[in-house]
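Look through the sequence and the model first.

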Amino acid sequence: MDGEIRQDELTLEDILRIFKKHIWWFVATLIGVVALTVAYLMVATPIYEASVTINIEPRTKSTLTDLFSATGYVGSKPDIATEVELIKSRTNIEKVVENLNLLNYFREKMKIKNGELTTYDVVNMVAKMISVTTVKDTSIVKVSVQNPDPELAKNVANELANVYNEMLQKFSKNEYTARRMFIESQIPKVEQELKQVEDELKKFKEKNKIYVLNVEAQNLLNTVYQLDTQINNYKIQIEETKARITAITEQLKQTNQKVVSSETISINPVVAQLRAKLADLQIQLAGLLNTYSENDERVRTVRNQINETERMLKSQIEKVVTSQVETINPNYAELYNQLIQANTVLQMLNSSIAAVERMRDSYSSKVAQLPTVEQQLLQLERDRKVKETLYSVLLEKLEETRISEAGVIGRATIVDPAITPTKPVKPNKRLTLAVGGVLGIFLGILMVFLREAFDKTISDEEYVKHVLKDAPVLGRIPEIEFPESSEHPELVVINSPTSPQAEALKLTATNIEYSTTPAPKIIAITSSGPGEGKTFIAANIALSYAQNGVKTLLLDLDMRKPRVEKVLGIERINVGVSNHILKDVPLDRIINRYQENLDIIPVGPIPPNPTALLTSKKLEELIATLRTMYDKIVIDLPPILAAADALIVSKFVDGLVLVVRAGKTQKASLKVAFENIVTSSSKLLGSVINAINANQMGYYYYYYYYYYTEEGKKMKRKKRHKK
């Protein structure tokens, strides 16, 4: 057969063939998965979901920081991702468990003793029930709780919303509370110091009979007083900034995030260097402003240097904060940004205090040049003014802080409280059935291809056609159980001439007859491997021709494992082909009459080198002589993969018939055998599929079996009787 060998590529035709072959595995898998899905839906516990909708207000700007010249904290939209994590925090869930007494609830429901179920276990159970989702581009979040108990789901959702609001209220109060407590602790001290300074000033004036400072001393007093006031204001701002940092730090700790302390930032060498540089630039700017206007080039240059130094300071603080954290969770990025900003303001305030203190010290040196009495009076006047101003500021700040603290409310507003659900959300029957169906189809497909992958043997006709390409299937022989009592059980056409197996063999002989024009005279029967029934097929086809009155010869050239005598039920004949070729035994001595119209030529003694014998000129001459003596010659050849004998002899015959045994012939063996046939340019008449089981026989054989054989008729009557 000419032509190229087909490549191993999976086409649509191949896929359809595979599915057709394993269709019941696919159907069984699909039905099994769907049945399991239905069973799951019948026994699954219904899950109810209760949801509460919360609107989270943005963080408001601190009123206290607006009272000073330092940078304040600007309000912004809430970081929803951070709020989601706060809602689901363990602190909130523990509070919910405590408020609803869920520990006892689950102990009673699960019938567990006190020591076997802890609060930690219940918190984990409740955490798995909760999910929080956000509405895109809004500050609204939806808290959902799923549980088999609809009432519990509702209670947990509403309680969690309330607990979260209380947490936000506590966070907001922390900053104001810290400020209020600081101011309250400072007022008595400042009041006492002010009273003490006033008493000292009164006694000094009465003792020294001096009541008013001269002009120079008064100017120095005013200047030093202004500088002291600035220092005090900066100190208050520092305390407020520290309170802000404390509030942010506590919020981060609530979510188990790492935090860098302000002390760690302050002692950083680069931060300290930039802070000192910023103080020098501020002193330089103050000196320039005493002489030049704001629009002067020198003033603008120093201001630009201050801005650049502040930017570098913030960048360095950001490095210090982030260096202690492996990866900043995006959900907490806003809190970390606030922490960096607050620490930057703190370092800038420290720099400003250092600068003002240095300027105040320079004026203090001028005070030292005044007369001693005036120096003492000036110092007392300055202390009194500073204490008075500081006392007034603290009283003012205390009232503002109290008002702000009292006005703090939670930033979360419950838009839609949770209600008791009436319909379960799980299992979703339609969705689950759809998923089960899709999964069943997927697993069914997987099962089909797994069966095909692990099925190394040939079990269907379509695969044979696929591999052999244009070669037809000449015969389909049903599976046969040979009776042990018969003398020659494999001769089906003699033992059971009307059986489906015998008719299939006769039909095969007829198909071979009409496979080519003119009809092939010399037919070689082979297979890809041993034990596939080639000798059985060859013997019965030869008998079929003989029964039809055709003068037939059955020639055994399987010199590896000859079986013709055994199949025919005769004793081993020691004179055969090997004697004729090697020892020139006359042809008439090696031909044996088996029955009318059928002669056989056995192998004879097995030669030591069969290949050399088959390639000899004498074999070619023998076959040519036999062609003139018989109408049909059927040759039994060894398997193609066992030896090269079959391909050597194939050039002397009119065509090869390849026997394939269902359930035994390996797919790979058939492919290699066909490749060898194509490579040797041998003519392949077609294939015969042997030992097809009942499911593969097809309608024709069943029809013939039931209606035209005695055995089939008996079986048919038995089935009717059972009905």
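How many of the residues of strand β7 (residues 552-556) are buried? The strand is mostly covered: 5 of its 5 residues are buried. Buried means under 20% relative accessible area, exposed over 50%, and partly exposed in between, with a 1.4 Å probe and protein chains only. Helices (H or I, at least four residues) and strands (E, at least two) are DSSP runs, numbered from the N terminus.

This is a predicted model, where local features need pLDDT of at least 70 and side-chain atom pairs count only at pLDDT 80 or more, while totals for chains, interfaces and linings use all residues. Residues are numbered from 1 along each chain as its sequence is written, and side-chain values use heavy atoms, with hydrogens and water left out.

Stay with β7. Both of its faces are covered. Thr-552, Leu-554 and Asp-556 are buried on one side. Leu-553 and Leu-555 are buried on the other. Two strands pair if DSSP finds at least two bridges between them. Strand β9 (residues 598-601) runs parallel to β7, joined to it by 4 bridges. In that pair, Thr-552 stands opposite Leu-598. Strand β10 (residues 632-636) also pairs with β7 in the parallel sense, over 5 bridges. There, Leu-555 has Ile-635 as its bridge partner.

Next, helix α23 (residues 617-629), which holds Ile-623. Ile-623 counts as buried because its relative accessibility is 3%. What does Ile-623 touch, leaving out residues up to four places away in sequence? Its contacts (heavy atoms within 4.5 Å) are Ile-522 and Phe-652. Ile-522 sits 101 residues away along the chain, yet the two C-alpha atoms are separated by 8.9 Å.

Turn to an open sheet of 4 strands. Its order is β2-β3-β1-β4, with antiparallel pairing. The edge strands, β2 (130-134) and β4 (412-416), each pair on one side only. Neighbouring strands are turned by 30° against each other on average, direction ignored. Helix α6 (residues 119-129) packs on this sheet and touches β2 and β3 (140-147). The direction of α6 makes about 35° with that of β2. For such angles, axes are lines fitted to C-alpha atoms, for helices over the stretch in contact, and the angles run from 0 to 180 degrees between N-to-C directions. Strand β1 (residues 48-56) is joined to β4 by 4 antiparallel bridges. Asn-55 stands opposite Thr-413 in β4.

A cis peptide bond joins Lys-426 and Pro-427, with omega about -5°. A cis bond also joins Thr-517 and Pro-518, with omega about 0°. Pro-518 is found in the loop between α17 (500-513) and β6 (522-527). Most residues other than glycine have a negative phi, and most peptide bonds are trans.

Two loop residues have positive phi. Phi of Asn-101 is near 55°, and the residue lies in the loop between α4 (90-100) and α5 (102-110). Asn-101 counts as partly exposed because its relative accessibility is 43%. Phi of Ser-681 is near 60°. Its loop runs between α25 (667-679) and β12 (684-692). At 53% relative accessibility, Ser-681 counts as exposed.

Helix α14 (429-454) brings in another helix. It is among the elements that cover the buried residues of α1, along with α2 (23-43) and α15 (461-468). Which residues of α1 (residues 12-21) are buried? They are Asp-14, Arg-17, Ile-18 and Phe-19.

Helix α14 also holds Phe-442. Phe-442 forms a nonpolar surface patch with Leu-439, Leu-446, Leu-450 and Phe-454, with about 520 Å² of accessible area together. Areas come from the Shrake-Rupley method with a 1.4 Å probe; for residues, only the protein chains shown count as cover.

Finally, the whole protein. It has 28 helices and 12 strands. Buried residues make up 46% of its 723 residues. Among contacts between residues at least 6 apart in sequence, 81% join residues at least 24 apart. The accessible surface comes to about 37800 Å², of which 53% belongs to carbon and sulfur atoms.

How values were computed
Patch = residues over 30% accessible without salt bridge, like charges linked within 9 Å, V, L, I, M, F, W, Y side chains within 5 Å. Salt bridge = Lys/Arg side-chain N within 4 Å of Asp/Glu carboxyl O.
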